[in-house]
Amino acid sequence: MKTSQALTLSAFVLALFAAHAANECRAQNPTTPVVVESNIVIGQDAPPPQSPQSLQSPQSQADARGAGKTARRTLGSIKGRVVGDGGEPLPGVAVFASARAFSANSYRYDTRAQHSATSDDEGNFSIGGLEPGLYGLSASMPGYVSEADPATGRAAEIYRPGDAATVRLVKGGVITGSVADAQGQPLIAVDVRAFRVRDLDGRTPDTPYSFTLDGMTDDRGVYRIYGLRPGIYVLMAGGNVPSPFGPVSAYGDVPTFYPSSTRDTAAEVTVRAGQDTAGIDIHYRDDQQGHRVTGHIEMPNAQGEAAAGISLIYASSGIQAGNAFVPPNSPDHSFSLDSVPDGDYDLQATLSSRDGLAGASAPQRISVRGADVTGLRLTITPLASASGTLVVEPASDALRASDACKGRGASLLPQETLVSAVADHPSKGNPLSRISGLRDAAPDAAGAFMLRNLEPGRYRLLLHPADEALYVRSVELPSTSTSTTSPSTSAPARGTSAQRPAATTSTQPQRANTAARDFFDIRAGQQLSGIRLRLAEGAASLGGHVVAAEGSTLPTPASLRVYLLPAEREHADDTLRFYETTPGPDGSFSFKNLAPGRYFAFARAAADPNDASPRPASWDAVARAGLRRDAETANVTVELQPCQRTTDFALRFPAQTK
């Protein structure tokens with residue numbers, strides 16, 4: 001069994017394969033960093049890349065150099081234990097610590113940044129030599145998978161040097177069956193792939209990559225795929241294996257989905273941890289008619305050594321249906337995808353160079369219905385970036401000396417905060433990018449960060465402090481980067497430029513409109529600078545359970561959302577003070593990194609419980625107003641003081657109005 005190269009967009013040459021393979025590791029293991037870094041600018045209108053150091057004063061640059069030297073000398077370790085699903089120790093397991101994100105000056109993936117250790121007889125491990133920052137842990141053991149968080153369905157976790165971690169592995173699921181032709185004869189050496197389309201709670205993947213494992217039939221036509229994460233799968237036999245080294249299929253290029261179907265009519269298979277799902281027999285079809293999808297790529301001012309890749313994705317599930325490669329010396333930059341079955345697809349092109357991903361086309365939705373699709377044009381535009389600084393404000397001496405905050409001081413290291421740009425997609429009908437669903441950055445010791453590989457559109461800034469003593473105080477964007485309209489208006493269509501002037505050297509950011517200060521619009525190739533983020537010490541936390549009100553029953557936790565809204569009128573539209581989460585299987589919930597203040601707390605049914613990463617209601621002005629009406633009607637308030645830790649809050653559902 002081998003891991004398929006799932007949805008690698010432009011890894012079609014060996015020189016680029018190592019960099020793009022890291023993207024696929026992220027798809028199958030979210031703790032692995034995304035590797036789509038580039039400092040190449042395409043197009044005459046794009047300004048040269050701006051060093052984050054140019055955003056700082058000479059004194060700040062000197063301080064940054066000094067802080068960086070100190071950080072390199074101060075190495076730490078992450079210690080922990082690897083256990084099985086019953087809590088038993090697992091010896092001999094390889095555990096890896098990888099940098100969770102890259103700093104402003106990091107352009108390429110450095111394999112030396114990954115550290116590893118092997119668990120001992122008691123399951124203990126210690127990974128040393130770690131610089132200050134954020135790390136993801138992953139463990140590798142044949143047939144086992146990382147246990148997922150029941151609230152999110154993800155296994156990703158962020159750690160800092162000095163943290164203790166428990167890595168829990170569970171036995172993966174198995175799918176086994178046979179592949180036979182129309183006469184019932186076994187097919188030998190045919191590739192069978194399993195694509196995970198949802199988790200067991202119905203949540204779709206929150207990354208643009210499908211988790212894929214595959215196997216090959218033996219001389220009896222029998223296949224067995226093991227080490228599968230729990231979830232809902234579709235299976236495909238034959239077709240083009242999505243690999244940078246070309247198709248491998250002895251039985252034609254049009255795939256057959258289980259049981260003997262196209263993608264649109266494929267049956268789904270449920271996989272549970274440690275269980276065999278047998279009898280998944282596929283009757284291979286050789287009567288399907290494939291078609292061609294052809295066109296050419298426009299690469300304005302692309303450098304001669306750049307290579308382009310085409311990715312064809314099933315629009316309904318994110319499964320790769322085909323890929324093509326356009327070499328740097330192609331005279332007309334044309335492409336052809338053959339043996340494409342009928343269906344709806346998203347088509348996207350990317351441009352790569354030796355430094356990583358340099359540009360991308362807007363994803364284009366196409367339909368294949370009984371005929372070839374020709375004459376397509378994919379225009380590659382340069383990717384953009386957004387940079388700025390993160391400041392961590394210490395608490396006052398008086399606050400630190402208070403009973404609640406005593407002993408709860410934060411580390412105050414900016415490199416221990418994850419800064420993310422999340423694409424804002426208000427309409428589910430729009431094709432989504434298959435490059436990345438999330439762009440991360442970790443500030444350096446001076447607080448400088450840069451978010452790369454941004455396609456044109458609207459993005460939200462999210463901050464994830466690893467230290468629970470910190471909360472987000474403010475997000476300040478350059479005045480030219482934010483829209484003057486309400487966040488409830490539609491974002492620019494995917495692939496179109498926001499109608500805003502470029503902000504390339506803005507050094508005097510102003511506080512944006514309160515209802516819109518956490519999002520920005522960006523154009524192709526734009527180098528947005530001047531973002532200022534502030535964290536502050538004194539964060540509070542609130543945890544508890546959702547309980548059924550008298551005479552009612554509690555719905556499934558996956559169909560609930562728990563909200564905290566600012567009760568103070570001056571913060572009514574402060575989206576930084578709106579929090580929401582999904583409770584766990586036992587109804588438990590937890591909010592951390594909360595700004596001190598007074599909040600409304602209430603729970604209500606989710607608008608779409610099957611959406612793994614729904615847009616928070618606070619991102620939309622109309623939905624935000626509806627939240628406030630519901631919260632004010634329920635009128636359940638909680639006052640959170642600086643450094644307060646509450647763990648036993650009981651929240652009734654449905655709320656008993658007062």
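Let's start in strand E5, where Phe 125 is the bridge partner of Gly 80. A word on terms. Strands (E, at least two residues) and helices (H or I, at least four residues) are DSSP runs, numbered from the N terminus. Two strands pair if DSSP finds at least two bridges between them. In general, strands of a sheet pair through backbone hydrogen bonds, either parallel or antiparallel.

Before I go on, this is a predicted model: local features need pLDDT of at least 70, side-chain atom pairs count only at pLDDT 80 or more, and totals for chains, interfaces and linings use all residues. Residues are numbered from 1 along each chain as its sequence is written, and side-chain values use heavy atoms, with hydrogens and water left out.

Back to the sheet. It is open, has four strands, and reads E5-E2-E9-E7 with mixed pairing. Which strands are at the edges? They are E5 (124–130) and E7 (144–146), each pairing on one side only. On average, neighbouring strands here are turned by 30° against each other, direction ignored. Axes are lines fitted to C-alpha atoms, for helices over the stretch in contact, and angles run from 0 to 180 degrees between N-to-C directions.

Now another open sheet of four strands. Its order is E38-E37-E40-E41, and the pairing is antiparallel. E38 (579–581) and E41 (637–640) are the edge strands. E37 covers residues 560–566, and three bridges join it to E38. Look at Tyr 563: opposite stands Glu 580 in E38.

A helix comes in here too. H4, residues 621–634, lies across E37 and E40 (597–605). H4 runs at about 100° to E40. Contact means heavy atoms within 4.5 Å.

Last topic: cysteines. How many disulfides does a search of the whole structure find? One. The cut-off is a pair of cysteine sulfur atoms within 2.5 Å. Here Cys 405 is joined to Cys 643, S to S 1.9 Å. The pair links distant parts of the chain, 238 residues apart. Cys 405 is in the loop between H3 (397–401) and E29 (417–423). Cys 643 is in the loop between E41 and E42 (645–653). The link is right-handed, with 100° about the S-S bond.

Are these cysteines buried or exposed? Both Cys 405 and Cys 643 are buried. Buried means under 20% relative accessible area, exposed over 50%, partly exposed in between, with a 1.4 Å probe and protein chains only.
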